[in-house]
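These are my notebook entries on a structure that I looked up piece by piece.

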Amino acid sequence: MKNILFVASESVPFMKTGGLADVVGSLPKCFNKDEYDVRVIVPKYLSMPWEFTERLEFISYFYMDIGYRNTYVGVFKLEHNGIIFYFIDNEGYFGGSKPYGDIKWDLEKFSYFSRAALSVLPVVGFKPDIVHCHDWQTALVPIYMKDSFRGGEFYRDMKSILTIHNLKFQGVWDIKTIKALTGLSDYYFTSDKLKVYQDANLLKGGIAYADYVTTVSETYAEEIKTEFFGEGLDGLMRARSNSLCGIVNGIDYDEYNPETDNKIYNNYNAVNFRKEKYKNKCALQQQLGLEVNEKKFMIGLVSRLTDQKGLDLIAYVMDQLCSDDIQFVILGTGEEKYENMFRYYDWKYGNKVSANIYYSDDMSHKIYAACDAFIMPSLFEPCGLSQLMSLRYGTIPIVRETGGLRDTVQPYNQFESTGTGFSFANYNAHEMLDAVRYAEQIYYDRKREWNKLVDRAMATDFSWDTSARKYENLYNWLLGW
């Protein structure tokens, strides 16, 4: 039996702010139970839903030295979906309403969490062969494993993997502060370790010290070795390229299943979508006050409204887009300029554009099921989950060829009748508009071709099982099996 420990700052269903939580909550249950014992350790947030908090089993507590402070560490346990989750308890650190906020405070609490995650292992009696860490919040774990946890019998021969979900977020502050918070010696603050200019960078240290580094798509693993995508760490990514790979994320095929989804208006599947899918469109049109017309080409966008998502491209050609025979449904929150931009076009083209500036999981499912196409013109996208969900619901993605979007959406080829979506290569508004209009043309003029596209989209398999097999191969290789 191989013991694997996931260490992360969030996990569904206990706490979620983004795709990281989906990975940590969904992936462990897909491993072969006869061969792998996969457990997860996360902070015990005070804002966790009460239905889980009341079921927690208290294990123990102790005090731990870190940096300049001696701090309480409580340990709780809960089995969920056949996976054992451990929770690190300290209300001083994890008592807020949100997991992240002030970056300096985040640096302190995740330094504490990283050290506590290793310190509790003998207490809970679990000795992992591999500690699998996620993003900058746990990037100190591989460093601590080579530092103060190196000598003990319990920690000997443990390997570490660090998965980068988004290289943009790195955990950077001045060296003096980080040294005080982490308790690491001067040895670690040189330019081949944590130091970047005059600051310390936790993610950089984790990448340098982890036994292996993964990221969430094959294309993104290549992109981050270049200056444009490398966020200042491209040199380090190139240096580590022999122990770097991309494994694309999956989605939970039970939760995202148009045949059984109780959040959508009308269930359908790959066989009957021609007769059933459009009912979702008509119901959504009615709910949002758009013209009810099953034949209208409806485009969806469910996203954080930020620069990364390519929304400036949409802003640039929105008037031209709305001159076409389409409807456009937007769901999400984010930067004020984009929230207001979509509100403005909702006001200007009320019967064509519906801007829903909030987030609702129920509404996102309705949009995935109702729309004909789904647009994701991202500037960069490490993996992206929305395009996987839209494929699952037979809603054709229109994407820019970057990161995980390039790996998961095969461009439509009308001559060979292949592909699962539409794509464009350059970060250019009119190139995006051309891709959208090409999709419109196929939808309106070649309906049989469109339906074959939907057939192929719904036949793709981006379930977690596929990703889990790739992680199993990596774990086996790392352990020398």
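Predicted model: local features only at pLDDT ≥ 70, side-chain atom pairs only at ≥ 80, totals over all residues.

Entry 1: the nine-stranded sheet. I looked up the strand order and found an open sheet of nine strands, E3-E4-E5-E2-E1-E6-E7-E11-E12, with mixed pairing. Strand E3 (57–66) and strand E12 (244–246) stand at its edges. Each has a single partner strand, so one side of each is left without a neighbour in the sheet. I recorded an average twist of 25 degrees from one strand to the next.

Strand E1 (residues 2–7) pairs with strand E2 (residues 36–43) in the parallel sense, and six bridges join them. Isoleucine 4 has valine 38 of E2 as its bridge partner.

I then asked which strands helix H19 (residues 464–478) touches as it packs on the sheet. They are E1, E2, strand E6 (130–134), E7 and E11. The direction of H19 makes about 145 degrees with that of E7.

Entry 2: the three-stranded sheet. Another open sheet has three strands in the order E8-E10-E9, and its pairing is antiparallel. Its edge strands are strand E8 (172–174) and strand E9 (195–196), each of which pairs on one side only. E9 and strand E10 (residues 199–201) run antiparallel and are joined by two bridges. Valine 196 stands opposite aspartate 199 in E10. Helix H7 packs on this sheet and touches E8, E9 and E10. I noted about 105 degrees between the direction of H7 and that of E8.

Entry 3: helix H8. I found that H8 (residues 202–209) lies across E9 and E10, running at about 50 degrees to E10. H8 also lies across strand E7 (159–164) and strand E11 (212–215), where it runs at about 135 degrees to E7.

Entry 4: H4 against H7. The axes of helix H4 (residues 103–119) and helix H7 (residues 175–182) come within 9 Å and cross at roughly 35 degrees. The crossing is right-handed. From H4, the contact uses Lys104, Leu107, Glu108, Ser111 and Arg115. From H7, Thr177, Ile178, Leu181 and Thr182 take part. I sorted the contact residues into three nonpolar, three polar and three charged.

Entry 5: the second largest pocket. How much space lies in the second largest pocket? I recorded about 360 Å³. Its lining comprises 17 residues, and Tyr278, Glu294, Asp372, Tyr443 and Lys447 lie nearest its centre. By class, the lining holds eight nonpolar, two polar and seven charged residues. Helix H11 (273–288), helix H17 (429–445) and helix H18 (447–459) each supply at least two of the lining residues. The largest share, five residues, comes from H11.

Entry 6: backbone geometry. Most residues other than glycine have a negative phi, and most peptide bonds are trans. I looked for departures from this and noted two. The peptide bond from valine 12 to proline 13 is cis, with omega near 0 degrees. Proline 13 lies in the loop between E1 and helix H1 (19–26). Asparagine 81, although not a glycine, has a positive phi of about 55 degrees. I placed asparagine 81 in the loop between strand E4 (69–80) and strand E5 (83–89).

Definitions and conventions
Residues numbered from 1 in each chain as written. Heavy atoms only, no water. 1 Å grid on protein atoms, 1.4 Å probe; cavity = no way out; pocket = protein on both sides within 12 Å on 5 of 7 lines; lining within 4 Å. Points joined across faces, edges and corners; volume = space filled by probe spheres on them. Helix = DSSP H or I, 4+ residues; strand = E, 2+ residues; numbered from the N terminus. Nonpolar A, V, L, I, M, F, W, Y, C, P; charged D, E, K, R; others polar. Axes fitted to C-alpha atoms, helices over the stretch in contact; angles between N-to-C directions. Left-handed = near helix turned anticlockwise from the far one by under 90°. Contact = heavy atoms within 4.5 Å. Pairing = 2+ DSSP bridges.
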